[in-house]
Amino acid sequence: MAGDQEQFQQLLGGFLSIDNNIRQQAETTYETIPTDTKFEYLLQNVVNKTLAEEKRTMAAVLLRRLLTSNFDDIFPKLPIESQNQIRGQLLQSVQIEEDPNMRKKLCDIIGELAHNMIDDDGNNQWPEFLQFLFESASSPSVSHKEIALTLFSLVPGVFGNQQQQHLGMIKQMLVASLADAANPPVQAMAVKATAAFILLHDNEPNIHKNFADLLPQFLQIIASSIERDDDDVLLKCLVDLAESCPKFLRPQIEAILQLAIKALPDANVGDNWKHLLLEVVVTLSETAPAMVRKSAAKYMTTLIPQMLNMMTDLEDEEDWSVSDEQAEEDNDSNAVVAESSLDRLACGLGGKTVLPHINTTLSTMLQSENWKCRHAALMAISAVGEGCHKQMETMLPQIMEAVTRFLTDPHPRVRYAACNAIGQMATDFAPIFQKKFHETVVPGLLVVMDDGANPRVQAHAGAALVNFSEVCPKNILTTYLPTIIAKLEGILAAKFKELMERGTKLVLEQVVTTIASVADTAEENFVEYYDRFIPCLMYIIENANSQELRLLRGKTIECVSLIGLAVGAEKFLADAGKMMDLLLKAQTNQEEMADDDPQVSYLISAWARICKIMGKRFEPYLPLVMGPVLKTASLKPEVALLDNEDMSAVDGDEDWQFVSIGEQQNFGIRTAGLEEKATACQMLVCYARELKDGFADYTEQVVKLMVPMLKFYFHDGVRTAAAESMPFLLECAKIKGPQYLAEMWQYMCPELLKAIETEPESEVLSEHMYAMAKCIEVLGLGCLTNDQMQELMRIMDKSMKEHFERSVKRQEQRKDEDYDEVVEEQLLDEDDEDVYVLSKVADITHALFSAYGAQFFPYFDSLLPHFVKLLSPTRPWPDHQWGLCIFDDVMEYGGPACSKYTDHFLQPLLDFLGSKQGEVRQAAAYGCGVLGQFAGPAFAPVCAQAVPLLVQAINHPEARNEVNLNPTENAIAAVTKILKFNASAINVDEVIPMWLSWLPVWEDTDEAPHVYGYLCDLIDGNHPLALGPNNANLPQLMAIFAEAFAREAVDKEAEVTGRMLNIIRQLQAQPEMFQACINQLSQEHQISLHKYLVS
């Protein structure tokens, strides 16, 4: 045994070796030791005070990890006496341990053990631990007090279901420890313990209230730690509380702001402290913005100028603007931290609170002779656009007048910042920004793009032009095309020459992106410039093969594919094949490209665009491109479970993101490659959508890849693409036969149902629900088994309950003490999100009705109370809209059988025809139309009741306003359907003259065919009221048809269009009458009529 122990101690020494081979060997040997033996040896070494300190420490780290990962395999299997002995031994060891580091390690082990001693019902099975805790806390020994507080901070929930009876003692322990001014280490541990306890009870206001009186001392200790420049962990506790329990901090919100304001300008306070204090304030502004606005807005007068001043903390780098590399931001610099904090502060508190304080400081900074002040002011304008959107929008003319003059500032970094501000505003305020300021922005940026002496500035002007053009209305950009193209062509030629001569590429990389963006917006207007760019760009693709030119080649590939999409197949087709051959020649399989090669994502996106252009002609390339696309889409991200100690090794690594999942555990994911994975998944959706049965051979492989990714919680875009692909893949697979299709669906359906139930993000949930609806539409009747249908109903029932619960919760928030107009805006945004999910519930019911008809009624009945509730007069108007849409489907697909629900929907249907909200009127009008068309003769009296209400809506003075056009045309279509299908209880001849006076219609292209179809019925039937005495109405009818054609109200291929043209051709057989009708038409109408006749 002693020999084994000796070998084990050598093994511990191996873990500590600086020689990688020895360390790896030790790790390998350790893994072969049985778990219970490991536990025994590690414990013996931990409590062995004669062992070298570093080996004891290593044994302690390994023992705690072992308990974290294998507790159930070790401790419960030991005899009770052994368990008691071990627990007692550990408590005794920690009490007599003199080395602070080892004491902390022993606390970690005891904490892990105590954590596992609480059963599922909250019973603590280690009562001696609680006694030990209180005895140590009240001990005169400083180290014993520290032990108690350390253990409590590690397992603040250790009291389990007995916590309430011990609450007074817990508070007493914390109060006494926080007040122990003679022993700062005890006070520091008390801060950590208090924070841990409050964080554990983050949603328990009663505990917050009970412990609120600890806050002043708590903050005083943190302030002292800043003054002494101690460990910053106490301030990090405050950040954690700001994030999870902001309301707990309410009584001391002013003290927190005062602490920040005092420290930020203090040269003796280190930058790290300042950054953390800003993080506290900014986090509070994000997690409890209304509270900060109400209780601490007055401090913004001081805080915001301090943040702006921090943004001037820049290095003077003489060669900054001439570097050929992208500007790398130092995320730990004062300037970057302050800029990011200002951005978040504005988004959190809103422009009304933040912007006035920025404005008062900016004008001074912009006039400063110090370039750093001007730079900071311009970067601040970029930073706050999103958060101050509403307030800045009205001030844009003044802001732009101030900003544009800095495009010619003598200092290159100020010119860079001016480009940055313009680019950001072009995104934040599009398209208003483009419409109002194109006359200054485009010429101004083109001047800066001539700044060849400062490549970084020149490139940034090109980047700002991308932001401007990608959301610029086409008609505006087109007016500048000749000038922009001439500039881009000149820069491309000059920079291409520079690349060949000097190897510089920064501006060239940017200019190809700018060309792509301009082409993307200009679309067919780019055709005339196509040949001026493509040869040079294709040359770059063919020859930029070296390692350092990978990004340039990738961006050029993107550029050519976007140009192709812009100019269309006719112009690009010849080059499309050539480009595909070029791309595949250099890249037949992705093994030749490293996973982090920037070309990969550009290639994958380019192939999808070329597929869109070539259509079926892309199919021969599929076998060559699918390998790389599938490989990228299949990327499995690296994940890691690290304890707090290991975290210090990866702290600051931007490739990893971590979330805390318990007292000691952190879950991490390597984010590199996730965007590329999402892009590849989206491209697979594109192939399935564009190629249909040409993609059939890949459906099985892609389905097996996509279905599991419905649960890929690391990236929303991946889950969205996975859901979006489902209906397209089913469509592709139809050619493989019904059995193949059924098997594929049975693989998809259970997982899609699970994904809908468990999806945490409402935007992604909406995509999942829409995908389910589309799949049902593709597959039709019988696609769901009874169990699957019941499961779907259960999920929709849950979704509807949550819809109403969230609505109640929002009403409660309106009663909150901090409620204000900005909170109301956020609640309205939440309303919109909720309504969008509700619309997807309506999509699923629509799909089920269209597939199953009245056979869906028995399942529908389980959801009926929810849908009836939507129509209640007290509900908000979007509920009325979607409730009506659902009952519209009941009528349309249930036919006469919908009568079983009339008590629920008929009166609301008629009442809502008078709604002030157009969307509600439209849904009600559509319902009256389908009632007339599908519900049968039993509903003739109801149709007669509806007609006067519809007429009233149509004849309203504002009925033809833009916002009312769709509802009005739906009402006209509804009257049309009643006249055609269910007119037995009305006098048709009374209605027809009025009906004719409402024509033409053009806005709602789904309903227009019904209207023009009925008009053709009347004309073909020689109805005297339609034709008029002696056919006097023919010129008017011809004008109605011509207007419909001019506005493309009916599709050229539609059946009704053929009927309309037949009537016109019959009229052509009577040249005199035809000419008389033509003479009354405008030039535009004559041209439209001619176009339709010849097509």
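Two residues are in contact here when heavy atoms of one lie within 4.5 Å of the other's. Keep that in mind for the contact lists below, and remember that this is a predicted model.

**A glutamate near the end of a helix list**

Let's start with E757, which sits in helix α36, a stretch running over residues 738–758. Which residues does E757 touch, leaving aside those up to four places away in sequence? They are E791, R794, I795 and K798. Take K798 from that set: E757 and K798 are 41 residues apart along the chain, yet their C-alpha atoms are 8.6 Å apart in space.

**The whole chain**

Zooming out, the protein comes to 53 helices and three strands. Its C-alpha trace spans about 120 × 75 × 60 Å along the principal axes. Of the 1095 residues, 56% count as buried. If you take contacts between residues at least 6 apart in sequence, 72% of them join residues at least 24 apart.

**The nonpolar core**

In soluble globular proteins, nonpolar side chains tend to be buried together. Here the largest nonpolar core has 395 residues, and the members touching the most others are F618, Y687, F695 and W995. F695 is a handy one to click on: not counting residues up to four places away in sequence, F695 touches L622, M626, L684, Y687, A688, V702, L729 and C732. Y687, then, turns up both among those top core members and among the contacts of F695.

**Two packed helices**

Now have a look at α18 and α19, which pack with their axes 7 Å apart and at an angle of about 135°. That angle makes α18 oblique to α19. The residues that meet are set out here.

| Helix | Span | Residues in the contact |
|---|---|---|
| α18 | residues 334–349 | L342, L345, A346 and L349 |
| α19 | residues 351–366 | G351, T353, V354 and I358 |

By class, this contact has six nonpolar residues, two polar and no charged ones.

**An annotated stretch**

Finally, an unreviewed UniProt entry places the feature "domain: Importin N-terminal" at residues 26–96. In the model, that span is 82% helix and 0% strand, and its end C-alpha atoms lie 31 Å apart.

Definitions and conventions: Residues are numbered from 1 along each chain as its sequence is written. This is a predicted model: local features need pLDDT of at least 70, side-chain atom pairs count only at pLDDT 80 or more; totals for chains, interfaces and linings use all residues. Side-chain values use heavy atoms; hydrogens and water are left out. A nonpolar core is a set of buried Ala, Val, Leu, Ile, Met, Phe, Trp, Tyr and Cys residues joined through side-chain atoms within 4.5 Å. Buried means under 20% relative accessible area, exposed over 50%, partly exposed in between (1.4 Å probe, protein chains only). UniProt positions are given in the numbering used here, feature names are shortened, and annotations may be inferred rather than shown by experiment. Helices (H or I, at least four residues) and strands (E, at least two) are DSSP runs, numbered from the N terminus. Axes are lines fitted to C-alpha atoms, for helices over the stretch in contact, and angles run from 0 to 180 degrees between N-to-C directions. Angles under 35 degrees count as roughly parallel, over 145 as roughly antiparallel, 65 to 115 as roughly perpendicular and the rest as oblique. Ala, Val, Leu, Ile, Met, Phe, Trp, Tyr, Cys and Pro count as nonpolar, Asp, Glu, Lys and Arg as charged, and the others, Gly among them, as polar.
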